[in-house]
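I opened a new notebook page for this protein. The plan is to look up a few things and write each one down.

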Amino acid sequence: RCYILSNENGKIQLSLRQSRLNPKSNSKVEDVEITCIKDVKKGQLVRGYVKSITPSGVFFGLSTSLLGRILFQNVSPYFVQKHSLYEKYLPEGKLLTAKVLGVNAKEKHIELSLLPEDTRMPSVLPESLGLPRYDAEEEKREANDREKREELKLKTKRRRGNSENEQGLGRSTGITLRNYTEEEKKIKLHWRLANCCPPPSTHFPLLQEAKPKKRKICPADENDSGIEVYYREEEDDDQKEEAAKKKSKIRKPGEAPRLQVSMGFTWDEDMNAMDIPVLNQKEESSESEEEEDPQSKLKKQTKKEKELEKQKKEKELCKLEAALMDPSRQPQSADDFDRLVLSSPNSSILWLQYMAFHLQATEIEKARAVAERALKTICFREEQEKLNVWVALLNLENMYGTEETLMKVFERAVQYNEPLKVFQHLCDIYANSEKYKQAEELYHTMLKRFRQEKSVWLKYASFLLKQGQTEATHRLLERALKALPTKEHVDVISRFAQMEFRFGDPEHAKALFESTLNSYPKRTDIWSIYMDIMIKHGSQKEVRDIFERVIHLSLAPKKMKFFFKRYLDYEKKFGTTESILAVKRAALEYVETKSSLADT
C-alpha cells in the first residue's frame, strides 16, 4: 500500500510515509517531509540519501526535488586523499543523518555536515582505517610553531648575552662593540687603543688605514688583552663620520679632545660617568622584557586553550566509554555491531540485527556478507542459532535476490540443517510473501519426501484452509489417514477439526468431532478440546448438551469430578441459580450411585 504523489510524463512518484497513508493517525512523525527550501533551517538535523559523489563534495537528497551539498571536510573528521574511499563507505542510496550548516534561499544552496560533533552520530568512516585526523595536523603545526618560537627566543638570549660580554670586554680593553640589525648578520667593531694616545694637544687617529681585504689588527701594547678584532673596510668611512660628529658635540673650548665611543665611554674615572652604560643596559633590558611580555601572554593563552581542549576531549571520551558500557544502548554503526558480535559470537539475534542494519541502508551485499560471516563464526553445536541465520538469509534472497540465488541458499541450508525444518521455513516465507504457487509446489515435494511426518500434513492443511480450499482440505485428510499410522489418526482428525473451526466450515468440524467421540468415547482429551471450541464458537444449548453427555458416561471418578467441576464453573459464569442447583444435584446423584455400588 502506497500514496501516489504525481503521475507526469509516464513517471509515477510514490510515498510510503505513514503520515500520508494514515493521515488521521496521531503518531509522531520522525522525519518531517521537506517539499521546498523554506522547510530547511540552519542547525536542523535532517535525514536523507546519498545521491552522488563529485570532486566538489557529496550530494545529499533531502526530497525528490531538493539536494544539499556536503564538503569533504564536513564528511568525516579524517583526512582522506583518495575520494574512492568515500564511494566505498557512502554508496548511492545510503540513509544518513546530517546537520544543516547554511541555507541560501536565492541560489537554492544547502550546506550540510556529517561530522560526529554536528550530528551526534558515529563517523561514516570507521576508526579501523587508521586515517589521520584534521585535529592531529593542526596540533603538529602548532607544535612546529612553538618550537620555532622557542628557537628564536634562545637566539635572542644568546645574542643579548654575547652583547653584554662584548660590552664588558670593550670597557676593559678600550674596544667598543656596536650591534647592528639582523640583515647585516655580522658584528662590526670599532676600536681605539686606550693607553697609546698622544699628548692632549695632539689628536689620536681614529682608525688605522685599512688594506683592501679583511685583516687582523693585533695591538702590541703592554695592556694587550689578546682579543682579535675583525672589521670590514667598506664601512670605515661611515664610522669616521659618526665619530667626528660625536667629538664635535662633546668637545668644549680650552679642553683637549678626548676619545669618544658609542656607548658613552669616557676617559674620566668618575663614578657618574661609569654608571651611564649600566643605566643604558638596564633600559634596554626593561624594553626587551616589555617586548617579551605580550609573547608570553600569548603563550599562556594558548596553553589555557589547549588545556580546555584536552578537557573537552576527555569529557567526550568519557561519554563515549559510558555509552559503550551501557547494556541498554542500541548499536548505531557497523563498529558497534562488530564489538557486540565479538563479545557474543554465538548470538543469532545480534547477527540478525546487524543484517537488518545494513538492509535499512539498502546495503544488500554487506547484509549477505554478514550472514556468511555469522555462519562461519557461530559454533557448530549451536544448531538452532545457525538455523535462524539460514532462515534470515532465505528471507533476504526471497526479497532482494533472484530465484536462482534463493535455490542455491536453500540447497546449502538443506545440507547443513535438518531438511524438514528448512522446507517448512521456506514454505512459510513463500506464504508470507504471497508466492502461493511456489509454496504449493514445495508442499507437494514435502508430501512425497516426508510422508510419515504428521506436521507436514497439518501444515499443508492450514495453508489450504487459509486459501479457502476447503474441498482440497477434505481430500488431504483422507490422504493423511492412509499415509499415517493408525495411532496418529485420532490426533490428526482433531487437529483438522480445530483448523476447520478457525478457517473453514464449522459444521464439518462438528461432524468430525462427533464421529471421533462416537468411535472413541473415553478420550477425555478430545472431549475437553471439543468443549473449549464449542464454548468459544457454539451456543449455550450446544455446550450444555455436551456437558450432559459427558457426566453420564462411565468414566473414572477423578475424570468425572473434573467434568462436574467444569460444568459447575460454566453455569456459575453463564447460567442461573436453578441451573447451578441442577448441576449440584446431578453430582450428588453420581456420588450416591457410586457409593451404593461400592456397598453392594
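**Entry 1: one salt bridge.** I began with the term: a salt bridge is a side-chain nitrogen of Lys or Arg within 4 Å of a carboxyl oxygen of Asp or Glu. The model I am reading is predicted. I looked up E514 and found that it forms a salt bridge with R549, where the closest N and O atoms are 3.1 Å apart. E514 lies in helix α17 and R549 in helix α19 (residues 540–551), so this pair ties together parts that are 35 residues apart in sequence. E514 counts as partly exposed, because its relative accessibility is 22%. R549 is partly exposed as well, at 34%.

**Entry 2: other salt bridges.** I noted the general idea that side chains of opposite charge can pair when their charged atoms come close. How many salt bridges does the rule give? The count comes to 17.

I then checked E372, which forms a salt bridge with R412, the closest N and O atoms being 3.1 Å apart. This pair links distant parts of the chain, with E372 in helix α9 and R412 in helix α11 (residues 403–416), 40 residues apart. Relative accessibility is 26% for E372, which is partly exposed, and 32% for R412, which is also partly exposed.

Next I took E507 and K510, whose side chains meet in a salt bridge at 3.7 Å, N to O. Both are in helix α17, and because they are three residues apart, about one helical turn separates them. Are the two partners buried or exposed? E507 is exposed at 52%, while K510 is buried at 16%. I also wrote down a network of salt bridges that links K94, E363 and K366.

**Entry 3: T516.** I stayed with helix α17 (residues 506–519), where T516 is found. T516 has a relative accessible area of 5%, so T516 is buried. Leaving out residues up to four places away in sequence, T516 touches V490, I493 and I526. I looked at I493 in particular: T516 and I493 are 23 residues apart in sequence, and their C-alpha atoms are 7.7 Å apart in space.

**Entry 4: helix pairs.** Two packed helices are described by the angle between their axes and the distance between the axes. I looked up α15 (residues 470–483) and α16 (residues 489–503), whose axes come within 10 Å and cross at roughly 170°. That makes α15 roughly antiparallel to α16. In this pair T473, H474, L476, L477 and L481 of α15 meet H489, V492, I493, F496 and E500 of α16.

For α18 (residues 524–537) and α20 (residues 557–574), the axes come within 12 Å and cross at roughly 5°. These two helices are therefore roughly parallel to each other. Among the residues in this contact are W527 and M531 of α18 and F562 and Y570 of α20.

**Entry 5: backbone angles.** Most residues other than glycine have a negative phi. Which way does phi go at R120, positive or negative? R120 is not a glycine, yet its phi is positive, about 60°. R120 lies in the loop between α3 (116–119) and α4 (134–173) and is exposed at 76% relative accessibility. I found T362 with a positive phi of about 55°, and T362 is not a glycine either. T362 sits in the loop between α8 (348–360) and α9 (364–377) and is partly exposed at 47%.

Methods: Residues numbered from 1 in each chain as written. Predicted model: local features only at pLDDT ≥ 70, side-chain atom pairs only at ≥ 80, totals over all residues. Heavy atoms only, no water. Axes fitted to C-alpha atoms, helices over the stretch in contact; angles between N-to-C directions. Helix = DSSP H or I, 4+ residues; strand = E, 2+ residues; numbered from the N terminus. Parallel < 35°, antiparallel > 145°, perpendicular 65-115°, else oblique. Contact = heavy atoms within 4.5 Å. Buried < 20%, exposed > 50% of the residue type's maximum accessible area, 1.4 Å probe, protein only.
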